[in-house]
Amino acid sequence: MHLFYAPDITPPEYTLEGQEGRHAVKVLRFRPGDAVALTDGRGGMYSAEVTAADGAGCRLRVMSEEHGYGKRPYGLTMAVAPTKNGDRYEWFLEKATEIGCDRFIPLVCDRSERRVFRGDRSLRVITSAVKQSLSAYHPVLDEPMRFSELISAAPAGSRFIAHCDRGFERIHLADAVTRGGDNMVLIGPEGDFSPAEIELAEAHGFTGVSLGNGRLRTETAAVTAAAIVALANR
(Lines give C-alpha, C1' and ligand atoms only; values in the text may rest on other atoms or scores of the structure.)
Protein backbone atom coordinates (compact mmCIF):
# COMPACT_ATOMS: atom_id res chain seq x y z
CA MET A 1 0.00 0.00 0.00
CA HIS A 2 1.24 3.50 -0.83
CA LEU A 3 1.84 5.86 2.10
CA PHE A 4 1.44 9.62 1.74
CA TYR A 5 2.61 12.31 4.15
CA ALA A 6 -0.34 14.47 5.20
CA PRO A 7 0.72 16.72 8.11
CA ASP A 8 -2.45 18.81 7.84
CA ILE A 9 -4.95 15.95 7.70
CA THR A 10 -8.33 16.52 9.36
CA PRO A 11 -10.56 13.43 8.90
CA PRO A 12 -12.87 12.31 7.51
CA GLU A 13 -11.97 13.95 4.17
CA TYR A 14 -8.58 14.75 2.68
CA THR A 15 -7.29 15.78 -0.74
CA LEU A 16 -3.84 15.01 -2.13
CA GLU A 17 -2.85 18.12 -4.06
CA GLY A 18 0.21 19.48 -5.84
CA GLN A 19 3.00 17.02 -6.55
CA GLU A 20 1.47 14.33 -4.33
CA GLY A 21 -1.88 14.65 -6.08
CA ARG A 22 -0.33 14.53 -9.55
CA HIS A 23 1.69 11.46 -8.58
CA ALA A 24 -1.42 9.72 -7.30
CA VAL A 25 -3.49 10.54 -10.39
CA LYS A 26 -0.97 10.53 -13.26
CA VAL A 27 1.61 7.96 -12.13
CA LEU A 28 -0.16 5.61 -9.72
CA ARG A 29 -3.45 6.08 -11.61
CA PHE A 30 -5.62 5.81 -8.52
CA ARG A 31 -9.31 5.27 -9.12
CA PRO A 32 -12.36 5.46 -6.82
CA GLY A 33 -12.32 2.59 -4.37
CA ASP A 34 -8.53 2.21 -4.25
CA ALA A 35 -6.99 1.96 -0.77
CA VAL A 36 -4.43 4.52 0.42
CA ALA A 37 -2.50 5.03 3.67
CA LEU A 38 -1.75 8.46 5.16
CA THR A 39 0.37 9.63 8.07
CA ASP A 40 0.43 12.98 9.83
CA GLY A 41 4.06 12.39 10.84
CA ARG A 42 3.16 12.58 14.52
CA GLY A 43 2.21 8.96 15.05
CA GLY A 44 -1.15 9.00 13.29
CA MET A 45 -1.70 6.36 10.60
CA TYR A 46 -4.86 6.59 8.51
CA SER A 47 -6.46 4.10 6.14
CA ALA A 48 -8.37 5.88 3.39
CA GLU A 49 -10.30 5.18 0.22
CA VAL A 50 -10.14 7.15 -3.01
CA THR A 51 -13.45 8.88 -3.79
CA ALA A 52 -12.33 10.85 -6.87
CA ALA A 53 -9.14 11.30 -8.89
CA ASP A 54 -8.95 14.05 -11.49
CA GLY A 55 -7.25 17.32 -12.36
CA ALA A 56 -8.25 18.79 -8.99
CA GLY A 57 -6.28 16.16 -7.13
CA CYS A 58 -6.95 12.86 -5.44
CA ARG A 59 -9.81 13.07 -2.94
CA LEU A 60 -9.95 10.58 -0.10
CA ARG A 61 -12.25 9.44 2.68
CA VAL A 62 -10.61 8.26 5.90
CA MET A 63 -12.00 4.88 6.90
CA SER A 64 -9.97 4.24 10.06
CA GLU A 65 -7.15 5.75 12.08
CA GLU A 66 -4.59 4.65 14.64
CA HIS A 67 -2.49 6.91 16.84
CA GLY A 68 0.91 6.06 18.28
CA TYR A 69 1.44 3.71 15.35
CA GLY A 70 4.84 2.02 15.56
CA LYS A 71 5.98 4.28 18.40
CA ARG A 72 9.56 3.61 19.46
CA PRO A 73 10.36 3.11 23.18
CA TYR A 74 13.15 5.70 23.07
CA GLY A 75 13.97 9.14 21.72
CA LEU A 76 16.90 10.05 19.49
CA THR A 77 18.30 13.38 18.35
CA MET A 78 21.23 13.29 15.94
CA ALA A 79 23.35 16.46 15.80
CA VAL A 80 25.70 15.88 12.87
CA ALA A 81 28.07 18.22 11.04
CA PRO A 82 27.14 18.45 7.32
CA THR A 83 29.65 16.68 5.08
CA LYS A 84 31.61 18.38 2.33
CA ASN A 85 29.77 16.16 -0.14
CA GLY A 86 26.09 16.97 0.31
CA ASP A 87 24.95 13.63 -1.10
CA ARG A 88 26.66 11.81 1.77
CA TYR A 89 24.73 13.84 4.34
CA GLU A 90 21.46 13.13 2.56
CA TRP A 91 22.32 9.42 2.63
CA PHE A 92 22.70 9.68 6.41
CA LEU A 93 19.35 11.48 6.75
CA GLU A 94 17.62 8.82 4.69
CA LYS A 95 19.08 5.85 6.56
CA ALA A 96 18.71 7.35 10.04
CA THR A 97 15.07 8.15 9.28
CA GLU A 98 14.50 4.54 8.31
CA ILE A 99 16.23 3.30 11.47
CA GLY A 100 14.34 5.75 13.69
CA CYS A 101 15.16 9.33 14.68
CA ASP A 102 13.12 12.19 16.14
CA ARG A 103 15.24 15.20 15.30
CA PHE A 104 18.16 16.15 13.09
CA ILE A 105 20.41 19.13 13.86
CA PRO A 106 23.03 20.19 11.29
CA LEU A 107 26.02 21.09 13.46
CA VAL A 108 28.51 23.87 12.65
CA CYS A 109 31.87 23.04 14.23
CA ASP A 110 35.38 24.47 14.42
CA ARG A 111 36.57 22.16 11.65
CA SER A 112 33.44 22.20 9.49
CA GLU A 113 34.18 22.36 5.78
CA ARG A 114 30.58 22.82 4.70
CA ARG A 115 28.67 25.77 6.15
CA VAL A 116 25.92 26.16 3.52
CA PHE A 117 23.08 23.72 4.14
CA ARG A 118 20.18 23.04 1.77
CA GLY A 119 17.38 22.38 4.22
CA ASP A 120 14.63 22.18 1.59
CA ARG A 121 16.33 19.35 -0.30
CA SER A 122 17.20 17.52 2.93
CA LEU A 123 13.61 17.76 4.11
CA ARG A 124 12.41 16.11 0.91
CA VAL A 125 14.88 13.27 1.49
CA ILE A 126 13.53 12.76 5.01
CA THR A 127 9.90 12.81 3.86
CA SER A 128 10.65 10.29 1.13
CA ALA A 129 12.34 8.00 3.67
CA VAL A 130 9.34 8.27 6.01
CA LYS A 131 7.02 7.11 3.23
CA GLN A 132 9.37 4.41 1.97
CA SER A 133 9.74 2.89 5.45
CA LEU A 134 6.00 3.18 6.20
CA SER A 135 6.70 5.20 9.32
CA ALA A 136 4.11 7.29 11.15
CA TYR A 137 6.75 9.63 12.57
CA HIS A 138 8.43 12.39 10.57
CA PRO A 139 11.71 13.63 12.11
CA VAL A 140 12.12 17.36 12.71
CA LEU A 141 14.92 19.03 10.73
CA ASP A 142 16.39 22.04 12.52
CA GLU A 143 18.24 24.97 11.06
CA PRO A 144 22.05 24.68 11.33
CA MET A 145 23.30 25.39 14.85
CA ARG A 146 26.73 26.31 16.12
CA PHE A 147 28.33 23.76 18.40
CA SER A 148 28.56 26.08 21.40
CA GLU A 149 24.89 27.08 21.07
CA LEU A 150 23.77 23.46 20.96
CA ILE A 151 25.84 22.48 23.98
CA SER A 152 24.36 25.23 26.13
CA ALA A 153 20.80 24.52 24.98
CA ALA A 154 20.87 20.71 24.90
CA PRO A 155 17.83 19.16 26.62
CA ALA A 156 18.03 16.72 29.50
CA GLY A 157 18.60 13.06 28.79
CA SER A 158 21.50 10.85 27.77
CA ARG A 159 23.93 13.03 25.82
CA PHE A 160 26.91 11.69 23.91
CA ILE A 161 29.72 13.13 21.83
CA ALA A 162 31.34 10.58 19.52
CA HIS A 163 34.93 11.39 18.61
CA CYS A 164 38.31 9.79 17.81
CA ASP A 165 40.56 11.79 20.14
CA ARG A 166 42.35 9.26 22.34
CA GLY A 167 43.47 12.06 24.63
CA PHE A 168 40.02 11.91 26.22
CA GLU A 169 38.31 9.07 28.03
CA ARG A 170 35.67 7.29 25.96
CA ILE A 171 33.39 4.31 26.31
CA HIS A 172 31.62 2.45 23.54
CA LEU A 173 28.20 3.93 22.76
CA ALA A 174 26.62 0.47 23.11
CA ASP A 175 27.76 0.39 26.74
CA ALA A 176 26.55 3.92 27.48
CA VAL A 177 23.00 3.92 26.11
CA THR A 178 20.21 3.32 28.59
CA ARG A 179 17.01 1.66 27.42
CA GLY A 180 13.85 3.67 27.08
CA GLY A 181 15.34 7.15 27.46
CA ASP A 182 15.95 10.22 25.34
CA ASN A 183 19.33 10.28 23.62
CA MET A 184 21.33 12.94 21.82
CA VAL A 185 24.39 11.93 19.81
CA LEU A 186 26.88 14.43 18.39
CA ILE A 187 28.92 13.51 15.31
CA GLY A 188 31.63 15.88 14.10
CA PRO A 189 32.92 16.87 10.65
CA GLU A 190 35.51 15.02 8.58
CA GLY A 191 38.31 16.47 10.73
CA ASP A 192 36.55 15.41 13.97
CA PHE A 193 35.67 17.69 16.87
CA SER A 194 38.40 19.97 18.16
CA PRO A 195 39.80 19.33 21.66
CA ALA A 196 38.15 22.57 22.82
CA GLU A 197 34.76 21.33 21.64
CA ILE A 198 35.19 17.99 23.38
CA GLU A 199 36.17 19.74 26.62
CA LEU A 200 33.15 22.05 26.36
CA ALA A 201 30.77 19.16 25.78
CA GLU A 202 32.13 17.16 28.70
CA ALA A 203 31.88 20.21 30.94
CA HIS A 204 28.16 20.32 30.09
CA GLY A 205 27.52 16.68 30.93
CA PHE A 206 28.11 14.98 27.59
CA THR A 207 29.75 11.56 27.69
CA GLY A 208 32.59 10.85 25.28
CA VAL A 209 31.92 7.71 23.26
CA SER A 210 33.50 5.63 20.54
CA LEU A 211 31.79 3.61 17.81
CA GLY A 212 34.45 0.93 17.58
CA ASN A 213 38.10 0.66 16.63
CA GLY A 214 37.77 1.79 13.02
CA ARG A 215 37.83 5.38 11.77
CA LEU A 216 34.47 6.09 10.14
CA ARG A 217 33.33 8.78 7.75
CA THR A 218 30.95 11.31 9.27
CA GLU A 219 27.85 9.88 7.60
CA THR A 220 28.86 6.29 8.38
CA ALA A 221 29.48 7.16 12.02
CA ALA A 222 26.09 8.86 12.25
CA VAL A 223 24.19 5.91 10.82
CA THR A 224 26.17 3.52 13.02
CA ALA A 225 25.27 5.55 16.11
CA ALA A 226 21.58 5.54 15.20
CA ALA A 227 21.70 1.77 14.72
CA ILE A 228 23.48 1.22 18.04
CA VAL A 229 20.83 3.21 19.93
CA ALA A 230 18.08 1.29 18.13
CA LEU A 231 19.66 -2.08 18.95
CA ALA A 232 20.08 -1.12 22.59
CA ASN A 233 16.31 -0.55 22.70
CA ARG A 234 15.23 -3.62 20.75
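Helices are DSSP runs of H or I with at least four residues, numbered from the N terminus, and Thr218 is found in one of them, helix 7. The structure discussed here is a predicted model. Two packed helices are described by the angle between their axes and the distance between the axes.

**Helix 2 with helix 7**

- Helix 2, which covers residues 86-99, packs with helix 7, which covers residues 218-232, at an angle of about 5°, and their axes lie 9 Å apart.
- Angles under 35 degrees count as roughly parallel, and helix 2 and helix 7 are therefore described as roughly parallel to each other.
- On the side of helix 2, the contact is made by Arg88, Trp91, Phe92, Lys95, Ala96 and Ile99, while helix 7 contributes Glu219, Thr220, Ala222, Val223, Ala226, Ala227 and Ala230.
- Sorted by class, the residues in this contact of helix 2 with helix 7 are 9 nonpolar, 1 polar and 3 charged.

**Helix 2 with helix 3**

- The axes of helix 2 and helix 3 cross at roughly 30° and come within 8 Å, which makes helix 2 roughly parallel to helix 3.
- The crossing in which helix 2 passes helix 3 is right-handed.
- Where these helices meet, helix 2 supplies Asp87, Glu90, Leu93, Glu94, Thr97 and Glu98, and helix 3 supplies Arg121, Ser122, Val125, Ile126, Ala129 and Val130.
- By class, the contact of helix 2 with helix 3 is made up of 5 nonpolar, 2 polar and 5 charged residues.

- Thr218 has a relative accessible area of 6%, and because buried means under 20%, Thr218 counts as buried.
- The side chain of Thr218 reaches the backbone oxygen of Gly188, with a distance of 3.1 Å.
- When neighbours within four places in sequence are left aside, Thr218 is in contact with Val80, Ala81 and Thr83, and also with Ile187, Gly188, Pro189 and Glu190.

**Thr127 in helix 3**

- Thr127 has its place in helix 3, which covers residues 119-132.
- The relative accessibility of Thr127 is 17%, so this residue also counts as buried, given that the cut-off for buried is under 20%.
- Apart from its neighbours within four places in sequence, Thr127 is in contact with Tyr5 and His138.

How values were computed: Residues numbered from 1 in each chain as written. Predicted model: local features only at pLDDT ≥ 70, side-chain atom pairs only at ≥ 80, totals over all residues. Heavy atoms only, no water. Helix = DSSP H or I, 4+ residues; strand = E, 2+ residues; numbered from the N terminus. Buried < 20%, exposed > 50% of the residue type's maximum accessible area, 1.4 Å probe, protein only. Contact = heavy atoms within 4.5 Å. Axes fitted to C-alpha atoms, helices over the stretch in contact; angles between N-to-C directions. Parallel < 35°, antiparallel > 145°, perpendicular 65-115°, else oblique. Nonpolar A, V, L, I, M, F, W, Y, C, P; charged D, E, K, R; others polar. Left-handed = near helix turned anticlockwise from the far one by under 90°. Polar contact = N/O pair within 3.5 Å; in protein donor to acceptor, adjacent residues only side chain to side chain.
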